[in-house]
Protein chains: 2
Amino acid sequence: MTAQSRPPKTPASLTMLARHAGVSIATASRVMNGVTNKASAETVARVRAAAAELNYRPAGAGQALRRRESRIVAMLAAALANPVMGAIASSVEIGLRGEGLVMSLCDTREQAAVQDAYLEEMQAQMVRAVVLAGAVDSPGLDRMRAEGPPLVFVNRPDPGDPGSAYVGIDNRAAGRDLAQAVLGLCCGPVALVHGLLDRTAGTYRRQGILEAFAAAGRGAPELAEIAAPGLNQLEAGRAAMAQALAAGLRPAAVICLSDALAYGAHRALEEAALPGGEAVRFFGFDDLIFNDWVAGWLSSVAVPRDLYGPAVMEVLGQLWQGAPPAGPVYLPHHLSLRGG
Amino acid sequence: MTAQSRPPKTPASLTMLARHAGVSIATASRVMNGVTNKASAETVARVRAAAAELNYRPAGAGQALRRRESRIVAMLAAALANPVMGAIASSVEIGLRGEGLVMSLCDTREQAAVQDAYLEEMQAQMVRAVVLAGAVDSPGLDRMRAEGPPLVFVNRPDPGDPGSAYVGIDNRAAGRDLAQAVLGLCCGPVALVHGLLDRTAGTYRRQGILEAFAAAGRGAPELAEIAAPGLNQLEAGRAAMAQALAAGLRPAAVICLSDALAYGAHRALEEAALPGGEAVRFFGFDDLIFNDWVAGWLSSVAVPRDLYGPAVMEVLGQLWQGAPPAGPVYLPHHLSLRGG
DNA sequence: CCGCGTTAGGAAAACGTTTACCTTTGCGTG
DNA sequence: CACGCAAAGGTAAACGTTTTCCTAACGCGG
């Protein structure tokens with residue numbers, strides 16, 4: 001059954017459809033676009049039947065060319081290997097499909113150059129909007145903010161303009177909430193683990209945490225910030241934690257700015273095999289889907305994944321109607337408490 | 001700095017470029033496409049300069065319309081929330097970008113209807129090829145095999161035609177290798193956990209495992225197959241394992257057809273809190289990136305993630321040259337041994 | 001000086017849609 | 001009956017490329 005040399009039969013065009021239905025292409029086009037006041041009921045039926053018979057679908061290129069806008073919406077994710085991004089992309093995609101749009105998903109690998117290349121390419125594709133899940137600051141982003149399709153930032157606010165449209169949790173509030181829970185549950189020193197702080201989400205989370213600790217009167221010596229560089233958060237968390245433990249830090253609780261960091265930090269603690277090490281509580285952000293299965297020791301700030309899509313669609317709808325970016329749209333978060 | 005009502009300045013067209021450079025659009029087009037034997041060196045330089053100045057990029061829609069083929073390659077993933085899919089997509093994308101192509105990634109949710117909707121849409125976009133990471137059998141897939149752009153199946157062979165192009169591990173051989181390792185490491189009864197077996201990859205893996213056990217003379221009573229329905233592999237693994245444990249099964253080793261199943265099964269074992277439960281060894285497939293961090297108890301069949309992209313590009317190159325689908329391209333796998 | 005080949009480049013058609021504008025027909029009203 | 005208006009639908013231009021075909025100029029051998 002191996003296929004022969006390919007015969008990619010071209011799909012039916014509007015011209016063929018019109019001929020098949022015995023009408024002009026103008027009429028065929030109008031019927032396919034639901035313009036009913038320009039054709040009799042009988043004509044509409046005939047065209048519809050012909051379309052079904054020929055399996056007609058309007059060619060995206062033709063539409064894009066004429067309308068000067070394609071049915072594609074670009075989504076630029078910072079790291080697809082991160083299941084959080086995958087879940088968000090999936091949710092956004094459902095929303096887009098609901099409006100007959102197509103998502104074009106790309107992986108920027110957190111690199112400004114790659115992100116810019118994609119932004120350029122997507123503009124050449126006349127995309128209707130660009131959704132950025134984890135944007136980094138870049139010249140191309142600046143250019144596109146000024147003159148380009150609507151931009152929506154997801155899960156990580158625009159690093160260059162706080163007024164840009166944003167959909168995701170209120171990271172600062174989430175930080176405060178998490179910190180308050182930690183303060184209520186644990187006494188003793190707390191370690192705050194972060195990787196690179198050039199990500200807006202992490203910055204805001206940290207801010208909230210610091211605020212809550214300050215408000216509770218438990219400041220610097222009791223809250224130790226530890227960090228390690230490195231693009232890979234898992235490795236960074238491990239390195240930071242190992243270093244801190246080696247330096248004699250013995251936290252009662254560890255707060256990590258992301259679950260991936262927590263995975264790394266936890267492993268460092270296990271490897272240190274300290275007496276009483278199992279009693280240390282871990283806290284993170286993102287609530288990876290695997291936490292329930294293999295990380296019962298980790299409490300994490302979760303956001304309902306399915307909410308991203310509808311919220312993004314809502315924001316896009318407004319932007320397409322010409323409204324200026326309305327700033328942040330916060331999704332509700334909650335703390336998934338585990339262990340202890 | 002909030003942006004005003006949007007001024008999406010249209011990008012420069014070939015006509016503008018030609019006027020700016022003082023040549024005809026034909027010449028401009030030829031220069032942009034690297035056809036050098038039709039323009040003097042001086043003209044080429046002038047056009048290039050104008051292109052840089054205007055930040056010109058050819059409009060995808062115009063090209064697609066004229067060439068009857070866009071620069072887009074569709075990738076249909078079965079479940080983006082699965083980090084394996086994300087990693088594969090990322091690798092394929094790097095390969096595509098290297099050839100100046102754009103990836104359009106979609107999530108089919110393992111549903112034939114969604115997959116077909118995407119296949120239709122992608123054909124309307126005149127995509128240059130479709131890469132399917134986890135295809136399910138569907139009428140639209142049959143149609144596209146017969147008359148459509150080239151198809152490449154990744155990580156899960158074509159459920160409908162074994163001769164289709166495939167890139168991924170040799171699942172049967174991987175099953176054999178894993179089983180042999182299990183046979184060498186553990187004595188006592190072995191449980192084989194699977195979810196739905198309508199996935200080609202799982203079927204082949206199971207086949208290899210059964211073969212190896214049969215060859216070692218350790219058949220049915222010593223190798224117990226357990227399964228549970230359910231789309232979510234994590235839940236399915238847990239349910240299957242819980243059921244088996246309740247029925248009195250006490251395996252020395254558990255082989256799961258995927259790591260997600262293993263996560264579920266492991267949790268069921270933990271929840272059962274059996275004496276000696278920690279001694280049970282787990283084996284899986286995919287080697288999720290988190291295994292090293294939070295699943296030290298799981299050995300898994302791994303495949304170098306970066307190999308997907310180059311291999312897919314190689315296959316696509318051949319298909320675009322008109323070669324018939326060449327059947328499977330096997331990537332090397334190896335067993336990541338952990339625990340014990 | 002004529003004919004010819006080569007180089008450099010232009011004119012125009014075609015790809016598939018959408019839409020502004022036009023035409024035809026039928027009907028109601030003064 | 002003359003007029004106007006609505007309904008139904010056709011004509012053609014435009015979107016941005018690519019590519020085929022054409023032309024003009026030039027060099028060169030006879």
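In this predicted model, Glu121(A) has a relative accessibility of 6%, so it counts as buried, the limit for that term being under 20%. The residue belongs to helix α6 of chain A, which comprises residues 112-124. Which residues does Glu121(A) contact, once its neighbours within four places in sequence are set aside? They are Arg57(B), Arg71(B) and Val102(B). With Arg57(B) there is a polar contact between the two side chains, at 3.5 Å.

Buried in α3(A) are Thr43(A), Val44(A), Val47(A), Ala50(A) and Ala51(A). Viewed down the helix axis, the buried residues of α3(A) fall within an arc of 130° and therefore line one face of the helix. An α-helix has 3.6 residues a turn, so residues three or four places apart point the same way. Just after the helix, Asn55(A) adopts a positive phi of about 60°.

Attention now turns to the nonpolar cores. The largest contains 154 residues, and those with the most contacts inside it are Tyr263(A) and Tyr263(B). Apart from this core lies another, of 36 residues, which includes Val114(A), Leu132(A), Leu141(B) and Tyr166(B). Beyond its neighbours within four places in sequence, Tyr263(A) is in contact with residues of chain A, among them Leu234(A), Leu288(A) and Trp297(A), and also with Phe290(B), Trp293(B) and Val294(B).

Asn155(A), in the loop between β4 (151-154) and β5 (166-169) of chain A, has a phi near 70°, a positive value in a residue other than glycine. Ala273(B) likewise has a positive phi, near 50°, and is not glycine; this residue is found in the loop between α11 (259-272) and β9 (281-285) of chain B. Are these residues buried or exposed? Asn155(A) counts as buried because its relative accessibility is 12%, whereas Ala273(B), with a relative accessible area of 60%, is exposed.

Terms used
Residues are numbered from 1 along each chain as its sequence is written. Chains are lettered from A and ligands numbered from 1 in the order in which they are written. This is a predicted model: local features need pLDDT of at least 70, side-chain atom pairs count only at pLDDT 80 or more; totals for chains, interfaces and linings use all residues. Side-chain values use heavy atoms; hydrogens and water are left out. Helices (H or I, at least four residues) and strands (E, at least two) are DSSP runs, numbered from the N terminus. Buried means under 20% relative accessible area, exposed over 50%, partly exposed in between (1.4 Å probe, protein chains only). A polar contact is a pair of N or O atoms within 3.5 Å; within protein, one must be able to donate a hydrogen and the other to accept it, and residues adjacent in sequence count only if both atoms are side-chain atoms. Contact means heavy atoms within 4.5 Å. A nonpolar core is a set of buried Ala, Val, Leu, Ile, Met, Phe, Trp, Tyr and Cys residues joined through side-chain atoms within 4.5 Å. The arc is that of the directions from the helix axis to the C-beta atoms.
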